[in-house]
Amino acid sequence: MARSRSASPRWTLFLSLTILLCCFIVPGISVKHENFKKCAQSGFCKRNRAYADEVTARGSSWTAPYELDSASIQFQDGQLQGTIIKMTASNEKVRLPLTVSFLESGAARVVVDEEKRVKGEIELRHGSKARKERYNEAGKWVLVGGLELSKSASLNPETETGFTKVLYGPEKKFQAIIRHAPFEVQFQRDGETHVKLNDRGYLNVEHWRAKVNDESSEPKDDQSTWWEETFGGNTDSKPRGPESVGLDISFPGYGHVFGIPEHADSLSLKETRGGSGNHEEPYRMHNSDVFEYELNSPMTLYGSIPFMQAHRKDSTVGVFWLNAAETWVDIVKFKPSVNPLALGVSPKTTTQTHWFSESGQLDVFVFLGPTPEDLSRTYGELTGYTQLPQHFAIAYHQCRWNYVTDDDVKDVDRKFDKYQIPYDVIWLDIEYTDGKKYFTWDPLTFPDPKGMQEQLDDSERKLVIIIDPHIKNEANYPVVEELKSKDLAVKNKDGNIYEGWCWPGSSHWVDCFNPASISWWTGLFKYDKFKGTLPNMFIWNDMNEPSVFNGPETTMPKDNLHYGNWEHRDIHNVNGLTLVNATYNAMLERKKGEIRRPFILTRSFYAGAQRISAMWTGDNQANWDHLAASLPMVLNNGIAGFPFAGADVGGFFGNPSKELLTRWYQTGIFYPFFRAHAHIDTRRREPYLAGEPYMSIITQAIRLRYQLLPAWYTAFHQASVNGTPIVRPQYYVHPSDELGFAIDDQFYLGSTGLLAKPVVTEGATSVDIYIADDEKYYDYFDYTVYQGAGNRHTVPAPLEKVPLLMQGGHIIPRKDRPRRSSGLMKWDPYTLVVVLDKNGQAEGTLYVDDGETFDYQHGAYIHRRFSFSDSSLSSEDIGRKGPKTVDYVKTMADVRVEKVVVVDAPKEWQEKSSVTVIEDGAEAGATAPLEYHVQQGGKAPYAVVKNPNVGIGKVWRIEF
Ligand code: NOJ
C-alpha cells in the first residue's frame with residue numbers, strides 16, 4: 001500500500017498520517033510483519049506443516065492413508081485414470097479421482113480431485129451460494145497449449161504387483177513409476193529417479209465434511225482453524241471448511257532450486273525450516289501489496305508463479321503447481337553423511353520440497369529436462385511464451401508519481417531533448433485522473449491530454465497511464481454506475497456488491513472473471529469513450545492483487561464471491577492476471593482496423609501473465625540493498641517464464657544519493673523492463689537534474705541501452721518463441737559449472753555472450769566477475785582480455801564505467817547513432833561487433849520487425865544468422881517465409897550495415913587496408929576500407945571495416 005490524498009474525513013486522516021510517515025522515510029524502514037500472516041497464523045499452513053512433522057516423527061510406524069485402488073486403474077491414449085482412496089481416522093473412505101496425463105511435450109501432469117465435492121453448491125446467507133467443488137478453472141486463465149496427450153506413452157509390461165509403470169517422453173526415456181499403496185510417483189529419466197511425489201508421505205487432501213459430527217477425523221488435535229479464521233480483526237467465514245491440498249516433492253541429488261517468484265530473496269532458494277542462514281517460514285505465494293517489503297525474505301509479494309526448477313550438474317528438472325489459491329512451499333536440503341567406503345566421492349545434496357495450497361485441486365506438472373532450456377520451452381508451451389513487445393517498450397521509460405500537469409509532461413519531454421538523453425515513454429500515475437476516477441482526466445491539471453500526446457508523438461514517444469481495478473464509489477460517475485447496474489463487480493460473502501477502500505476511498509472492484517466484465521471493460525478504452533486518448537497511449541494496471549487498504553492482509557476477504565460463485569480464496573492468485581487479460585483485450589479492440597501490440601505493465605501476476613504484460617518488482621526502496629536485490633528478483637522471474645521484468649530505477653521510497661541513482665541506471669539498463677519511478681513524496685530526479693558528472697554518466701548508460709536495442713529485441717524474440725530468459729543467470733548458461741550455480745549478481749544478455757555485473761555497492765571502484773569457461777572475455781569498451789575458467793577476475797568499475805564483458809565467439813548487433821527515441825532509430829544503420837573466440841570464430845543472430853504490429857506473425861520480419869570463420873563474415877536468412885515477408889524486406893532495403901568491428905582480429909590483417917564485400921551472390925565484389933588497431937596493456941587488437949554498406953536483410957559475405 002502506498003499513499004495519497006482523498007475525500008472522506010476518515011480517509012483523509014488515515015492518508016495524512018501515512019503521507020506524514022512517508023515524508024520521513026529513512027533507510028531501513030521495514031515491513032509491518034503484524035499485517036501479514038506467518039505460517040502459524042494461517043490455518044492450512046499450520047495444519048500441513050504439523051501433518052508433515054507428525055509423519056516424519058512417526059517414521060516407519062506411520063501408514064500413509066492414501067492408496068490408489070489397483071482395480072480402478074485404466075490407461076488409454078497417454079492418460080492414466082484411477083481412484084485414490086483416502087482412509088480417514090474414522091475409517092471413512094474418501095474417493096479422490098486421479099488423472100495422470102503424459103503429454104506430447106514430455107511433461108507429465110498429475111491431477112487429484114475429490115468426488116464428493118464435484119457436485120452441488122453451498123447455501124450462504126441471504127440466498128447467495130458458493131461452489132462446493134474444488135476450483136478447477138485455474139487452467140482456463142493459465143494454460144494455452146502443450147496439453148496434447150502423448151501418442152507413444154505406454155504401460156511398461158515389466159512391473160511388480162502394486163506398481164504401474166508408464167514409459168513416455170522423447171524416445172521413451174522417461175518413466176513414471178506409480179506405487180499404489182501408499183500412493184507415490186517417481187519420475188525417472190534414463191533409469192534414474194529425478195522427481196518424487198509423496199515420497200515422504202505428506203500428501204494431504206483435506207476432504208469435504210459436514211461441520212458437525214466429524215470430530216474424529218484427523219488432525220485430531222487442532223480443529224480451531226477448520227471453520228472460521230480471524231486475523232487482524234477480519235474473520236474469514238470459510239463456508240466449506242478445511243479443504244487444503246498438500247504434497248511433498250523431492251529432487252534427489254539436486255542441490256539448488258530456483259523459481260517460485262515473487263520473493264525478495266536470492267536466486268537459489270533457501271531452506272525454510274530454520275538453521276543458520278535459512279528461513280524459518282515457508283516461501284509464501286499469496287499476491288499482496290506488501291508496504292515497505294523486506295529483503296532476504298520468503299514473505300509473499302505482489303505476484304506468484306508456482307514453477308520451480310531444480311538444478312544439479314548437467315541436469316535440470318522441475319514442477320509447476322497449478323493452483324490459484326494461497327500457497328506455501330517449504331524447502332529442506334539433505335546431504336547424506338559421507339560413506340568412508342565411497343573413496344572420496346562426496347554424496348549429493350537432495351532437495352525436498354513441500355507444497356500446500358488452501359483450496360482447489362492438486363494439479364502438478366513434472367518436467368524432466370535435462371536442460372534449463374528444455375524446462376523453459378516445455379513450461380512455455382503450457383503457459384505461453386512472453387509477448388513480443390512493441391519495440392518502444394524495451395527502451396527507457398520515465399515515470400514518477402506524478403507528473404502533475406500536461407505542461408509538466410511536455411516540459412520533461414523537452415528537457416530530455418535539451419540534454420540529449422534518449423527516452424521513449426513517459427508515465428502518468430493516479431493523479432492525472434479527476435478524483436481517482438479512472439477513465440477521466442483532471443480538468444484543471446490535464447486540460448489538453450491530446451496536445452500532450454501529440455507532442456510526444458512528434459518524436460515517436462508514448463504515454464502510459466495507470467488504470468486500477470478499484471472503481472470509485474461516487475454518485476454521478478458513469479463507470480461505477482454501469483459497473484453496478486450491469487452487475488459486474490465482485491460480491492461479498494452475502495452476495496452483495498463488495499465495498500472496500502483504496503486510492504479513491506470507498507470503491508468497488510470489477511470482476512474480470514466474468515466474460516461480461518471483459519466486454520464492458522473493453523468498451524471503456526474505445527477512443528470515443530475514453531476521451532482524450534490517442535493511439536500512443538498504453539496502460540499500467542496497478543493494485544490488482546487486489547490491494548484493499550482495509551481488507552485482510554491488505555487484500556480482499558477470502559469469502560468474497562466471484563463470477564460463477566467461486567470464492568475469492570480459490571482464485572486469489574490469478575485475480576491480477578484476469579484484469580490484465582481484460583485490459584489486453586481492450587487495447588486490441590480500441591478501434592476497428594487499428595491493431596497494435598498492446599503494452600501493459602502489471603504489478604500482480606500469475607503464471608501466464610508473460611503472454612500479455614510486463615511486470616516490475618513494486619515498491620522498492622532507494623538504498624543499495626534494494627538495488628542489489630533487484631538482480632536476483634529479475635533473474636528469477638525470467639527462470640519462471642516471465643522475463644519482461646524490472647525494478648523501479650532509483651528506488652520508489654526515499655531519495656537516492658547521486659551515486660546510488662547513477663549506479664541504479666547502470667543496473668537498470670540491464671533490466672528487460674527499464675523504468676525509473678519514484679514515490680510522490682520524493683524529490684524530482686529526472687536524469688538531467690543529477691548535475692555533473694552524474695548526468696553525463698547516466699546519459700551514457702541510457703545510450704548504451706539504446707545502442708544495444710537490436711541485441712535486446714533479438715533476445716525478446718527468442719523468449720517469445722522458446723521461453724528462454726532475456727537475462728540469464730550463470731547456471732542457465734553454464735549448467736555444468738557447479739561453482740556458478742548460486743551466483744545471482746551477474747548475468748548474460750540473451751545468447752549474445754554479453755556478461756554484465758552491475759555495481760550494487762557504495763564506493764566501489766571495481767567488481768569481480770566470475771568466468772566459468774576458458775573462452776576469452778573482452779571488456780565491452782576497450783577490449784581488455786580476461787581469461788581463466790573457474791576464477792573471479794577484477795574488472796575496473798569507476799563510477800563512469802559499466803562492468804560489461806563480451807564472451808568470445810559472438811557477433812553482437814548494435815545501432816550506434818544516438819537519437820531522441822528508439823522510434824527515431826528505426827531506419828538507422830547497424831554496427832556488427834564480431835568477438836572472436838579462441839579458434840577465431842564467431843556467430844550471432846539478429847531479429848528485426850516493424851516493432852509495432854502483428855505482421856511478424858505473417859512473415860514480416862528479418863531474421864539473420866551472422867557467422868565468422870576462415871576470414872569471412874557472412875549473413876544468412878534463418879526466418880521462415882510468410883505472405884508479408886517480401887513487402888517487409890522491401891521496406892528495409894535501405895537499412896545497411898555501416899560498420900563491422902572485429903575484436904581480437906588476427907595479426908596478419910595489419911597488412912590489409914581493405915576487404916571484399918559480396919552482396920546477393922554477385923560475382924564481383926566491392927571493396928571497403930579496413931583499419932587495424934594494435935593495443936597495449938592486455939587489450940586485444942581490433943579491426944574496423946568502414947561502411948561495408950551491405951543490406952541488413954540481404955545475403956552477403958565480407959572477405960577479410
Ligand atoms: C503503488 C505502486 O506500486 C506504485 O508504483 C504507484 O506509484 C502507486 N501505487 C500509486 O499509484
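A pocket here is an open set of grid points with protein on both sides within 12 Å along at least five of seven lines, and its lining residues have an atom within 4 Å of a point. With that in hand, I opened the model, which is a predicted one.

**Entry one: the largest pocket**

I looked up its volume and found about 650 Å³ of space. I then checked who sits around the centre: 33 residues line this pocket, and the closest to its centre are Gly 823, Lys 826, Asp 850, Gly 851 and Glu 852. Strand 47 gives the most, with four residues. I also sorted the lining of the largest pocket by residue type, and noted 15 nonpolar, 12 charged and six polar residues.

I moved on to the second largest pocket, whose volume is about 530 Å³. How many residues line this one? I noted 22, and those nearest its centre are His 717, Ser 720, Val 721, Tyr 856 and Gln 857. Helix 14 turned up again: both this helix and strand 48 (861-869) supply at least two residues of the lining here. Helix 14 gives the most, with three residues. By type, the lining of the second largest pocket splits into nine nonpolar, nine polar and four charged residues.

Definitions and conventions:
Residues numbered from 1 in each chain as written. Predicted model: local features only at pLDDT ≥ 70, side-chain atom pairs only at ≥ 80, totals over all residues. Heavy atoms only, no water. 1 Å grid on protein atoms, 1.4 Å probe; cavity = no way out; pocket = protein on both sides within 12 Å on 5 of 7 lines; lining within 4 Å. Points joined across faces, edges and corners; volume = space filled by probe spheres on them. Nonpolar A, V, L, I, M, F, W, Y, C, P; charged D, E, K, R; others polar.
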